[in-house]
Amino acid sequence: MTDWTSVISTDFAVPDDRPLPDLVDDLCAMLAAGDPGVRDDTAYPVLAMWTGRGVLDGHLEQLGDRMADRLRHDEIQARTFATMILGWVVLRDARTGGLPAACVPRWRDAFATWWAGEKDLRGYDDRLGWLHAAAHGADTVRAFARSPRLGAVELTGLLDLTVDRLCAAAGYLYAHGEDDRIAYALASVLTRAELTADDATAWLGRVGAAIEVGEPGPVPAWASNTLRTLGALYVFADRGVCWFEPETGSLGPPVRLPHAMPVKERLAEVLRLAWRGLG
């Protein structure tokens, strides 16, 4: 049996007593476990760092396919942790270009089908620990946003997909930072130079139309989630976006949004529909 605690404590050193594919098989099985200590504290960080640091180069297509297929798993924790590892695979390919060209679009389609349709949005469960479908899906959007294999059409598709997720009437009020993570993902898409100013703002028309038809009374969860997300996005648009660098274990320098001003102006127009005192 591999001592995974030792692996983590030695800066994710790869054991030399077993073949790498066998280690990955173990980690993938652990990644679906109901025990958060096995899944979240052990399998996830090892797979993430090995992927990000290039340990699994040469095995990424198989790992990505495995995670994309797991998005149809019966257990919620299996789905929500599969999507994060899928994101790490996409990010690694963004650095190396080592995957066949068809992989990332194929995984994007599988991810979009899952994220748009996921019904279990609980952030935390007392038995299962972190589930976080909304936040983990947002992290995967952020990974796809950095892939050079996606052009303007696919990037606007990511913006529309995120609107679909935000506006879905799932009844869950974000309570664990999901709005911040979704804003981070949207801002990451909006850093891409391929997007025109119209591309970068058109998706907000759908959001504004949905907010504008709101009626007096209790605010629906989706509307509160969406407005809080847009408020956080305004800050990202103003300050830029920093991304985690697995080689250094720290955040890189801020990356500015090419169309920050029109994005902020359009965000303000939408937020003003609910935030009456906004200047």
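**Conventions**

I number residues from 1 along each chain as its sequence is written, and my side-chain values use heavy atoms, with hydrogens and water left out. As the model is predicted, local features need pLDDT of at least 70 and side-chain atom pairs count only at pLDDT 80 or more, whereas totals for chains, interfaces and linings use all residues.

**Entry 1: cavity**

I searched on a 1 Å grid over the protein atoms alone, taking a cavity as a set of points where a 1.4 Å probe fits but cannot get out, and a pocket as an open set with protein on both sides within 12 Å along at least five of seven lines; lining residues have an atom within 4 Å of a point. Grid points are joined across faces, edges and corners, and a volume is the space filled by probe spheres set on the points.

I found 1 cavity of 30 Å³ or more, and the largest cavity holds about 40 Å³ of space. Its lining consists of Leu-121, Arg-165, Leu-166, Ala-168, Ala-170, Gly-171, Tyr-172, Tyr-174, Ala-221, Trp-222 and Asn-225. I assigned helices (H or I, at least four residues) and strands (E, at least two) as DSSP runs, numbered from the N terminus. Both α8 (152–167) and α11 (221–239) give at least two residues to this lining, and α11 has the largest share, with 3 residues.

I then sorted the lining by class, counting Ala, Val, Leu, Ile, Met, Phe, Trp, Tyr, Cys and Pro as nonpolar, Asp, Glu, Lys and Arg as charged, and the others, Gly among them, as polar. The cavity lining has 8 nonpolar, 2 polar and 1 charged residues.

**Entry 2: pockets**

I read a volume of about 510 Å³ for the largest pocket. It has 23 lining residues, and Tyr-44, Trp-88, Leu-91, Arg-142 and Phe-244 lie nearest its centre. At least two lining residues come from each of α3 (36–52), α5 (76–96) and α7, with the largest share, 8 residues, from α5. I counted 12 nonpolar, 4 polar and 7 charged residues in this lining.

For the second largest pocket I noted about 370 Å³ of space. Its lining has 16 residues, of which Ile-211, Gly-214, Glu-215, Ala-223 and Ala-274 are the closest to the centre. Here α10 (197–212) and α11 each contribute at least two residues. The classes are 11 nonpolar, 2 polar and 3 charged.

**Entry 3: positive phi**

I looked up Asp-11, a residue other than glycine whose phi is positive, near 60 degrees. Asp-11 sits in the loop between α1 (4–9) and α2 (20–31). I use buried for under 20% relative accessible area, exposed for over 50% and partly exposed in between (1.4 Å probe, protein chains only). Asp-11 is partly exposed at 48%.

His-132, also not a glycine, has a positive phi of about 60 degrees. This residue belongs to the loop between β2 (129–130) and α7 (133–145). His-132 is buried, at 5% relative accessible area.

**Entry 4: cysteines**

I searched the whole structure for disulfides (pairs of cysteine sulfur atoms within 2.5 Å) and found 0. Cys-28 is in no disulfide, and the nearest cysteine sulfur, that of Cys-103, is 16 Å away. I recorded Cys-28 as buried, with a relative accessible area of 0%, and Cys-167 as partly exposed, at 23%.
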